[in-house]
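The following report examines selected parts of one protein model. Please keep the sequence and the structure in view while reading.

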Amino acid sequence: MLYAMFQAQNDLFEPMRLWADGMAQRRALLPDMLQDSPEVRRWAAAWELVSRGALTHTSPAFGFTTVDIGKQTYAIEEEAAFDTPFGTLLHFKKDGFSEAQPKVLVVAPLSGHFATLLRGTVEVLLPENDVYITDWKNARDIPVAAGRFGFDEYVEHVMRFLEVMGAGSHLLGVCQPCAHALAAVAVMAEDDNKATPRSVTLMAGPVDTRINPSKVNNLAKEKPIEWFESNLISTVPWRYEGAGRRVYPGFVQLMAFMSMNAERHLKSHVELYEHLKNGETEKAQAIKTFYDEYFAVLDLTEEFYLETVSRVFQEHLLPQGMLEYRGRKVDPGAIRRTSLLTVEGERDDICSIGQTLAAHDLCRSIKPHRKRHHLQPGVGHYGVFSGGKWRRQIYPLVRNTILASA
């Protein structure tokens with residue numbers, strides 16, 4: 001019912017958005033002296049805001065076409081190194097580049113947005129690393145016949161992707177999947193899997209949410225898991241390939257995120273209107289680029305969402321030594337020959353200080369000189385893996401960890 005109501009509302013307002021977009025475009029047909037008149041700019045700005053008032057379920061492009069390495073420029077080809085119904089191991093292949101670089105798997109969140117949300121993370125990694133990313137697919141486009149995709153299947157995908165990449169790889173987990181990624185590495189280490197990564201970097205992820213619980217953590221604990229199932233899970237409408245699949249809709253997650261910072265999002269759109277009205281194209285484009293990505297939503301399978309909420313945010317199974325993967329106990333203490341770097345943001349209101357650091361105590365068999373923790377001053381959640389401080393201050397630590405573990 002929830003999904004049907006959302007879709008009906010979206011369909012209802014689509015003609016208005018198309019009309020507003022057409023009106024905004026007509027500004028270019030006016031004489032030059034009228035195009036820049038204050039009145040026309042105001043109306044054009046208002047029409048453009050109306051036309052942008054919609055979500056999309058289509059993944060934006062990463063947009064990487066070239067990368068500069070030294071004095072040379074190389075073309076980037078997005079290559080599907082491995083593919084399943086639920087995710088693709090996407091490889092950013094450098095055409096014509098033959099030197100060996102560290103292979104890095106970026107484990108992207110599966111929390112309502114596409115992997116392109118980590119475009120800034122990948123961009124910084126590209127020049128010095130052979131980069132792969134977990135490109136998760138939208139559950140509403142996956143037929144029911146493809147089967148289930150839950151917590152264990154996510155962990156299994158991470159392990160399989162690392163095996164495809166081969167021995168000597170490195171893992172960088174960002175945000176929500178840090179617990180899943182750590183579980184995958186623990187299982188691989190216990191099995192003495194040759195593809196066990198040489199280093200693991202966990203960034204702003206909920207390894208132990210009992211520590212300094214944030215507003216997000218408290219919300220997850222306020223209701224029993226049955227409440228989440230009854231109120232937040234919906235069925236994909238029949239017009240999509242995943243018709244009949246039970247999902248946690250991406251638009252629900254987006255609304256939850258936006259409600260946490262409603263004033264900031266409202267302020268951003270007021271600023272966007274002012275920039276458009278005043279002809280400040282670059283400033284307007286920066287805001288539009290962010291929201292083009294932010295409003296591209298991805299649905300999660302019911303089982304993945306509920307199992308993650310239950311196991312990570314409610315029962316805290318991993319830090320208590322009670323997490324199981326396909327019936328076997330997950331023990332991060334089995335990790336011995338892998339280096340560990342954890343990174344947190346001082347102002348992170350989603351994953352609080354100490355929640356990622358908890359991985360160090362769990363990985364008790366890693367020698368102290370192979371462990372490092374970094375608390376980045378002055379950044380919130382997204383600043384840990386995107387933006388200037390990620391590029392200038394955090395990435396050098398990631399690079400050092402990778403090179404020291406080669």
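Apart from residues up to four places away in sequence, Ser-339 touches Arg-198, Ser-199, Val-200, Arg-370, Thr-401 and Ser-405. The model is a predicted one. Ser-339 belongs to strand β13. Its relative accessibility is 7%, and because buried means under 20%, Ser-339 counts as buried. Two of the residues that it touches, Arg-370 and Ser-405, also take part in polar contacts with its side chain: the side chain of Arg-370 at 3.3 Å, and the side chain of Ser-405 at 2.8 Å.

Is Thr-201 buried or exposed? With a relative accessibility of 1%, Thr-201 counts as buried. When neighbours within four places in sequence are set aside, the residues in contact with Thr-201 are Leu-171, Leu-172, Gly-173, Leu-341 and Val-398.

Asp-331 is found in a loop, between β12 (328-329) and β13 (339-345). Its relative accessibility is 25%, so Asp-331 counts as partly exposed. Which residues are in contact with Asp-331, leaving aside its neighbours within four places in sequence? They are Ala-186 and Arg-364. The side chain of Asp-331 also reaches the backbone nitrogen of Gly-333, at 2.9 Å. Although Asp-331 and Val-187 are 144 residues apart along the chain, their C-alpha atoms are separated by 7.4 Å.

| Residue | Relative accessibility | Class |
|---|---|---|
| Ser-339 | 7% | buried |
| Thr-201 | 1% | buried |
| Asp-331 | 25% | partly exposed |

The last element is helix α5, which covers residues 151-165. At 1.5 Å a residue, its 15 residues should span 21 Å, and the C-alpha atoms at its ends are 22 Å apart, which agrees with that expectation. Why can α5 be described as largely enclosed by the rest of the structure? The reason is that 11 of its 15 residues are buried. Among them are Phe-151, Tyr-154, Val-155, Val-158, Phe-161, Leu-162 and Met-165. Following α5 comes Gly-166, which has a positive phi, near 95°.

Notes. Residues are numbered from 1 along each chain as its sequence is written. This is a predicted model: local features need pLDDT of at least 70, side-chain atom pairs count only at pLDDT 80 or more; totals for chains, interfaces and linings use all residues. Side-chain values use heavy atoms; hydrogens and water are left out. Helices (H or I, at least four residues) and strands (E, at least two) are DSSP runs, numbered from the N terminus. The expected span of a helix is 1.5 Å times one less than its number of residues. Buried means under 20% relative accessible area, exposed over 50%, partly exposed in between (1.4 Å probe, protein chains only). Contact means heavy atoms within 4.5 Å. A polar contact is a pair of N or O atoms within 3.5 Å; within protein, one must be able to donate a hydrogen and the other to accept it, and residues adjacent in sequence count only if both atoms are side-chain atoms.
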